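Let's take a walk through this model together, with the structure open beside the text.

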Amino acid sequence: MMLPTAQKLYAIIDGTWPASAKQALGPWTIRLDDSGSSRVSAATAEQSFQDADIPLAAASMREAGQTPLFMIREGEKRLDTLLAARGYVIKDPVNMYAAHVDLIATERPPAVTTFEVWPPLAVQTEIWAVGGIGHGRIAVMDRARPPKTTLLGRINDRPAGTVYIGIAADCAMIHALEIGTLHRRQGLAKHLTRAAAFWARDNGAEYLTLVTTVANDAANALYSSLGMTLVGQYHYRTLPE
């Protein structure tokens, strides 16, 4: 079975984790958002461009109060090279994973381990906040179109983790999976991922997808162990502070 391509997942990211505003500017799509999330604050090249077009995008982002940030997708080596020559440095190389939902939705988590919740509970926002996922990112979840949900994870009958899932086209995408510091390495992230796959299948999605930074060894090991396939990568370039 053919898995979603990298190009498709770039669109799924936009669909399930939307910026507060997008605007076309010459060859660029400029994403504007005050959440601090790179996915909703980066410019992408949508048409043929010249080196002289780069300052146009940068100026637009600065005018909106954002640091210039460009998303470099697969096949965009020329943009990557031009930005590097202008002093832009690499930020957050990212892996993209995908699997058919039936591959992941094979074993339901133990009873009272995961619960579907929408809107998120205060305890979930607290767990996210400890992990650096603040109100701006909660606002991204709020404005995403349904189907969408969050899952609350519990260990020893205590709130211990949370995750957000949205669906676009035939893909469900996991975002903001966070496990409380005291509850890590107890299998909850795997339970939440499996529960996300069951929810995705029940809501019409064919694939479960997600992105995680290359540097996040624990997350990459988890998703690989579940049988998810690395289908693409991207990174950002920004000006050093």
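Just after helix H3, Gly-87 takes a positive phi of about 95°. This is a predicted model, in which local features need pLDDT of at least 70 and side-chain atom pairs count only at pLDDT 80 or more, while totals for chains, interfaces and linings use all residues. Residues are numbered from 1 along each chain as its sequence is written, and side-chain values use heavy atoms, leaving out hydrogens and water.

Helix H3 itself spans residues 77–85, and its buried residues are Leu-79, Asp-80, Leu-82 and Leu-83. Buried means under 20% relative accessible area, exposed over 50%, and partly exposed in between (1.4 Å probe, protein chains only). Helices (H or I, at least four residues) and strands (E, at least two) are DSSP runs, numbered from the N terminus. Seen down the axis of H3, the buried residues fall within an arc of 165°, so they line one face of the helix; the arc is that of the directions from the helix axis to the C-beta atoms. Lys-77 and Ala-85, on the other side of H3, are exposed. The cover over the buried residues includes strand E2 (28–32), strand E3 (44–45), helix H2 (54–63), strand E4 (69–72) and strand E11 (229–238), where contact means heavy atoms within 4.5 Å.

Now to strand E9 (residues 171–179). Eight of its nine residues are buried, so E9 is largely enclosed by the rest of the structure. Its pairings are set out here; two strands pair if DSSP finds at least two bridges between them.

| Strand joined to E9 | Bridges and direction |
|---|---|
| E8 (residues 158–168) | seven bridges, antiparallel |
| E10 (residues 207–213) | four bridges, parallel |

On the E10 side, Ile-174 is partnered by Leu-210. E8 and E9 form a hairpin with two residues between them, and Ala-169 in the turn has a positive phi of about 55°. Is Ala-169 buried or exposed? It is exposed, with a relative accessible area of 66%. Ala-176 also has a positive phi of about 55° although it is not a glycine; this residue is found in strand E9 and, at 16% relative accessibility, counts as buried.

E9, helix H7 (residues 188–202) and E10 make a right-handed β-α-β unit. Right-handed here means that, with the strands pointing away from the viewer, the path from the first strand over the helix to the second runs clockwise.

Which residues touch the most other members of the largest nonpolar core? They are Ile-165, Leu-208, Tyr-223 and Met-228, in a core of 30 residues. H7 gives the most to this core, with eight residues. A nonpolar core is a set of buried Ala, Val, Leu, Ile, Met, Phe, Trp, Tyr and Cys residues joined through side-chain atoms within 4.5 Å.

Two cis peptide bonds are worth a look too. One runs from Trp-118 to Pro-119, with omega near 0°, and Pro-119 lies in the loop between strand E6 (114–117) and helix H5 (122–130). Another joins Pro-146 and Pro-147, with omega about 5°.

Stepping back, the protein has eight helices and eleven strands, and buried residues make up 52% of its 241 residues.
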